[in-house]
Amino acid sequence: MSRQHKFMAALAVVPLLFAACGGSSSDGSTADAWCDFADEADVVDEILSSLGADSSDLEAGITQMELFVQRLPDEAPDEIKEPAKKLAEGTQMLVDAIKAADYNVFDADLGFMQDVTLEADLAAASEKLDAYTETNCGRSFSSGDDTDTGDGAVDTSGDAVDDSGDFNPGDGTIREQLVAQFVSIGLANEEAECIADKLDFNDPAVQSGDIAAMLGVFEECGIGLDRLAELGGG
């Protein structure tokens with residue numbers, strides 16, 4: 001059960017793709033205006049860090065992010081307009097996927113993230129924006145404390161993320177893979193779906209795989225302590 005938290009790593013992709021989004025009242029197209037815009041990106045990072053898995057929370061945040069994303073190419077000076085446009089396009093794909101899932105990230109089809117060409121293009125675009133911003137503004141554009149683990153996931157806890165249980169966008173939605181994990185330990189599919197539907201993924205204890213935090217949900221789904229003991233013994 002402790003492997004549940006690894007599915008939350010998929011949520012950390014959101015700040016990565018949104019890291020270069022921000023808002024500004026400037027006309028853009030100049031280095032000074034871009035620096036002001038980059039400062040606004042810190043505010044956006046704060047908004048993203050406060051987003052949880054609740055659909056209403058996500059809808060409000062992502063709606064705001066989309067407005068910023070659409071302005072990104074216009075705010076970029078000519079020297080970085082193309083990478084800004086590329087990053088905006090990639091981010092819009094994520095926004096569209098979450099909107100299509102009715103702002104439920106666990107049901108979002110994130111298969112496009114497995115596109116290695118897209119991943120490389122976004123990484124290159126982000127590097128160019130960072131280089132320009134560091135040269136002209138004395139700071140990185142993609143600010144934040146998240147650490148790239150090198151496999152597409154972000155470890156925000158400071159601990160290494162085990163590749164064996166990470167979310168793989170090509171293997172289905174987060175919910176589908178979570179259900180598959182529960183089934184793999186001996187639960188019936190209906191039981192696994194019940195748990196996935198009722199767990200509060202905003203709860204840090206749930207994210208860490210704390211079984212005590214899940215007992216109420218297990219009982220609600222008709223899985224008693226004796227059944228859990230059987231599964232643990234298997």
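Predicted model: local features only at pLDDT ≥ 70, side-chain atom pairs only at ≥ 80, totals over all residues.
Q: Are α6 and α7 roughly parallel or oblique to each other?
A: Two packed helices are described by the angle between their axes and the distance between the axes. For α6 and α7, the axes lie 9 Å apart and the angle is about 130°. An angle counts as roughly antiparallel over 145 degrees and as roughly perpendicular from 65 to 115.

Q: At what angle do α4 and α5 pack?
A: The helices α4 and α5 also form a packed pair, and their crossing is left-handed. They are oblique to each other. Their axes are 8 Å apart, and the packing angle is about 135°.

Q: Which residues of α5 make the contact with α4?
A: In the crossing of α4 and α5, which is left-handed, both helices supply residues to the contact. The α4 side consists of Pro-83, Ala-84, Lys-86, Leu-87, Gly-90 and Met-93. The α5 side consists of Leu-118, Asp-121, Leu-122, Ala-125, Lys-128 and Leu-129.

Q: How far apart in space are Gly-90 and Leu-122, C-alpha to C-alpha?
A: Gly-90 has its place in helix α4, and it is buried because its relative accessible area of 2% is under 20%. Leaving aside residues up to four places away in sequence, Gly-90 touches Phe-112 and Leu-122. Gly-90 and Leu-122 are separated by 32 residues in sequence, yet their C-alpha distance is 6.9 Å.

Q: Which element gives the most residues to the largest nonpolar core?
A: The largest nonpolar core holds 50 residues, and those touching the most other members are Trp-34, Leu-72, Leu-110, Phe-141, Ile-195 and Leu-199. Among the elements that give two or more residues to this core are α2 (31-49), α3 (55-75), α4 (81-100) and α5 (116-137). With seven residues, the element that gives the most is α4.

Q: How many aromatic pairs does the structure hold, and what is the angle between the planes of Trp-34 and Phe-37?
A: The structure holds three aromatic pairs. In one of them, Trp-34 and Phe-37 are tilted, with 5.3 Å centre to centre and planes at 35°.

Q: Are Trp-34 and Phe-37 buried or exposed?
A: Trp-34 and Phe-37 are both in helix α2, three residues apart, which is about one turn of the helix. The relative accessibility of Trp-34 is 0%, and that of Phe-37 is 0%. Since a residue with under 20% falls in the class in question, both count as buried.

Q: Is the pair of Phe-37 and Phe-141 stacked or tilted?
A: The ring centres of Phe-37 and Phe-141 are 6.2 Å apart, with 25° between the planes. Phe-37 belongs to helix α2, whereas Phe-141 lies in the loop between α5 and β1 (147-148), so that the pair links parts of the chain 104 residues apart. Planes under 30 degrees apart settle the class, and the pair is therefore stacked.

Q: Is Asp-102 buried or exposed?
A: Most residues other than glycine have a negative phi. Asp-102 has a positive phi of about 60° although it is not a glycine, and it is found in the loop between α4 and α5. Its relative accessibility of 59% is over 50%, and Asp-102 therefore counts as exposed.

Q: What is the relative accessible area of Tyr-103?
A: Tyr-103 lies in the loop between α4 and α5, and it too has a positive phi of about 60°. Tyr-103 is buried because its value is under 20%, namely 12%.

How values were computed. Residues numbered from 1 in each chain as written. Heavy atoms only, no water. Core = buried A, V, L, I, M, F, W, Y, C linked by side-chain atoms within 4.5 Å. Buried < 20%, exposed > 50% of the residue type's maximum accessible area, 1.4 Å probe, protein only. Helix = DSSP H or I, 4+ residues; strand = E, 2+ residues; numbered from the N terminus. Phe/Tyr/Trp six-rings, centres within 6.5 Å; stacked < 30°, edge-to-face > 60°. Axes fitted to C-alpha atoms, helices over the stretch in contact; angles between N-to-C directions. Contact = heavy atoms within 4.5 Å. Parallel < 35°, antiparallel > 145°, perpendicular 65-115°, else oblique. Left-handed = near helix turned anticlockwise from the far one by under 90°.
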